[in-house]
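Work through the following exercises with the sequence and the model side by side. Each task is followed by a solution that goes step by step.

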Amino acid sequence: MLRFFCSIITYFAISLLIHNSLLHAQAPVGTDALWSELEEQIQKGNRRALRDLATFLDKPLYAEATRHTLQRYTFFTKNEINLTTATREEFLIFFYEHEQGLKFSEILKAFYLTPIESQVIDNQILVSNSAISKNENTPSVKLLNLSQKFDSLFLNKEEDSRLHSIVEQIADLQTDEAYDWLRRTLSSEILGQRYSDVYIALCEGLKTDPSQESLKVIVQAIDRGLVRVELLSSVFLELTNVAISLKQTQQLLDTLETLEALRAYGYDRSLSFREAFFYEKVDYYGKILSTPNTPHWIQRNALHDMLQTHHPRLLFFLAAQVRLKPDDKDKYVHLLQKLTTKTFDLPKNNAFEIENIETWKAYVRWWAVHWVNFEWDNTSGRFISREEMIARTEEVERLIRRLSSPNDSVAMGSFQQLTENDPSVVTTAMNKFRPLLHSYNVHLPELNYPFLENMTLLSAYCHTRKIDLKLPPSIITLWSKLKTTGSPLERYLIENQIIGQLTLKDITAFEYCGLLHSTYLNLNFSVSRILDIFYTKHWQEVVSDDNVLRHYMKKAALFERIGTGGTSSLYTNKLNRLDKNLCERLERIARTESDSNIRHGILAWLTPPTNLKDEGFHEVPSTDKKNENIENIIETLDSSPEILIDEINEFVSHPHFSEKYKPLLLKFLRKVTPLSSIRHFKLKNYLKASSDLSSFGNWVIPPKELDDFLSIFKIYDDAQAAQAEHQLWSFVNAQIARYSIDEVGSFWNTMFKITWFNNLIYDGAMMPSQRDTIILALRNYLNTSELLSEFEEQTTLTHLAELENIGRSLADKLAKVSQLDASNTIKSAVQMGILARIAYEDIGIVVGMYDQLIPSTDGESSLHFLQTDFGIPLFSDDKEAIRDLVVNHKKLSNKELYVFYLKKFGLNLWDTEGVLDYNKVYDILKHESVIPFTGGGVQRDYFTFGVIKLLEFNFGTRLGFHEKLNENQTFYTYNTSKRSAAWRQFLIDKKLVKIAPSVPPSFKS
């Protein structure tokens, strides 16, 4: 009976409460203590409170509020009971029928019959996989802008309140970089004593960063008297979960040792349950989040710690907060969206209204069912659903298989689609398939390098920042022309058009396009030149905008990671260390940057490696050996049975080394191990064949090392040339007498790679007897060797032809080439050797015999040497061009001929008065010797050497360089890099040009 009367009293009390609430402006029911008690009982799992509340469903005045509360605290399916239409009688019948089966979720604080994860999502909500659309207003950018504003206000001595506000905004970012900025600012002495409120704000901002480092910085600020300790009780409480003073914090840390242990102790003090009760930490933190009336700092710290577990069940716990904390639901919805990229068609009205309750419950049900399908992905820093991962993986693998298609469009289309896929999926798939991709379409970028992976990262980066990777139509038209033209002049003009039309908005799309077509060498060169000049032209736009500069550093990092070389790996070379403003700007960006590629790239550039040798720079010589007594070095070398060439070089580089030590040097050279390293001897041309070679007369040298040994002696330009040649042949003949026919033949073929040996042949200075000896040896090698490869056979035949040409005139040599009983490959090689030796005065003879020349086997014009050897930008070999060249060569001076053809190519190097414009010349020397955008080993240079020749004519000096670019040989490919650098410095030293510190270098510096 007592129980019955209590129920009646409760009935009338609640009836009166609801009646009054609805009469007074529809005030929320929860504002009254009695209603709060009933709701609290339901939250604790009291079934009877649920039943008592349902008794008002048949009262029109109270039905809506009652139904609202029942819907909030239950997760019944519509098949079990439809709360939208249920009457009092229907609910009570349902309650008494299922009372014993009712279960209560501690996480959702709600009753249910069917487990939530097994329920059908009857109120369907639209779910999509679209990533959160990002823009330039990222945390890094916000932090950078706010920190700049802070610095500006501080320098202008603004009041505390404005600085205080900025600190609060930075703290709200809650990123590692934001916390780092707060710590550095708090640690610095820059603010001085007058900004006490700002110091408090800095400490307040760090209370959400539960790290020992933040606590240490706060304690140091107190010790320095920057902030009073009594003002930081809330900071200590929120950092530690329990301590409200510095003294208490230090006492507890002395016992517990770490802040993490101290926070765990704080959880235990505040809660009625312990972490040990839970199998997984995520469940412990999830329970804390769902426990009402816990302190706000406990809730916030539990959320922080739960997110660090990366356990997918946290997704359900976050969704549960939408129901438990309707006022904060947007916060949790956004967090789930950020963690999973899942977006939902949710109610647009922010209010948690009755008609939207079922939608929000469906949202929670969705996560209860689907959290098990997610897993944490470290690469993307988010949760990915298994279905999404499987679908993406299947699609990516399908596209990878299509890379082997012989159809260029199919293969390239598949590659481009792959670049737009999820980077982590593509990387995983490529790691799996790369060993199997033995053949793929030849027009695709090199798959042996991580082209695809880094282009995918670039695409993802640009997508999130709304950077378009499609070129504008006008550039596409020019690109198509660039791809098909075979004329160097037309290519050069198209490149200039593109440079003039490109903008910073388009440049990333152009780089992306360049990477896609990296196997087209001519395009590769064009892209490299265009980008180098474009960035020089627009550099101030790049460095004056932090976002653009960040994008540049991001691309620099991604391009370098491809690993192919070329200008794509040299983007940081464009940064000028002399530009103080740029250095300061990069330092500031690095302090606030969250993108690891950007931050690490900046820090690596700001702090170049001290071991420069490992990074490809010239080694900084050590002074240890130079300070050592030379007699000690001699004693060490004398007692050593074997000597490294580096030790020999240290000996001859000693400040006290002189001619008197030459006998010892000759002695020590016999002990060099391995002997092949002797070619790295520093004092080339110090030893003379005429006087020093005889010292080694009785020394037996292996066949493969003989040419290396001979390379260290001065022979061709020895003052006693006749004696030098006599000593040379005596020594060589004595050595090769011990060799087999194969060894002798191989040795002589190798000797043709040595400059002085070629000089003896092409200048006709070789003794006839020695020439005949070599011819006989090579013929024996050709006729008797059983090990001769096809390449070695062609090489031997070529060298025989060159020896037989000794003493003939240039015209006779060229005429005899066509009469050789050999393949066109050998004829072309012999002709190439002849043309490599001609002087400027011989050009007319060669061009006049154009019809008799052997076509080049590599498809180049037979007159290609005019450009590569002499720098004359003539690329046409039609009859008119040949006739004009013969005439011009005859009637024009050297300088006039260069001027004529440089102008004809389209270069404008002169001012209005016809005087050479050295600023224009400087830019050409800086940019026009082009290496590929990706890859290396070759250069494209249409006219730089021709411009250098003009400088030589103007100033009467070659700055110590050879008259011809190829230096009369065919074994190495020379380029103008060193000459260009020397002439640029010459123009600066002569004050003919002035380079501002803000002007960027070329990519290749």
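**Exercise 1.** Does E511 count as buried or exposed, and at what relative accessibility?

Solution. This is a predicted model, in which local features need pLDDT of at least 70, side-chain atom pairs count only at pLDDT 80 or more, and totals for chains, interfaces and linings use all residues. Residues are numbered from 1 along each chain as its sequence is written, and side-chain values use heavy atoms, with hydrogens and water left out. Buried means under 20% relative accessible area, exposed over 50%, and partly exposed in between, with a 1.4 Å probe and protein chains only. At 0% relative accessibility, E511 therefore counts as buried.

**Exercise 2.** Identify the salt-bridge partner of E511 and locate both residues in the helices.

Solution. A salt bridge requires a side-chain nitrogen of Lys or Arg within 4 Å of a carboxyl oxygen of Asp or Glu. K555 meets this condition with E511, the closest N and O atoms being 2.8 Å apart. Helices are DSSP runs (H or I, at least four residues), as strands are (E, at least two), both numbered from the N terminus. K555 belongs to helix α28 (residues 546-562) and E511 to helix α25 (residues 504-516), so the pair ties together parts that are 44 residues apart in sequence. K555 is also buried, with a relative accessible area of 4%.

**Exercise 3.** Describe the salt bridge between E804 and R779, including the accessibility of each residue.

Solution. The closest N and O atoms of E804 and R779 are 2.6 Å apart. This pair links distant parts of the chain, with E804 in helix α41 (residues 790-804) and R779 in helix α40 (residues 768-784), 25 residues apart. E804 is partly exposed at 31% relative accessibility, and R779 is partly exposed with a relative accessible area of 40%. Elsewhere, salt bridges that share partners join E204, K207, E238 and R300 into one network, and the structure holds 37 salt bridges.

**Exercise 4.** Which radius of gyration does the protein chain have, and which would a compact globule of 1005 residues have?

Solution. The radius of gyration is taken over C-alpha atoms, and the globule rule is 2.2 Å times the number of residues to the power 0.38. A compact globule of 1005 residues would have a value near 30 Å, whereas the protein chain has 41 Å. Along its principal axes, the C-alpha trace spans about 140 × 70 × 65 Å. The chain contains 50 helices and eight strands, and buried residues make up 50% of its 1005 residues.
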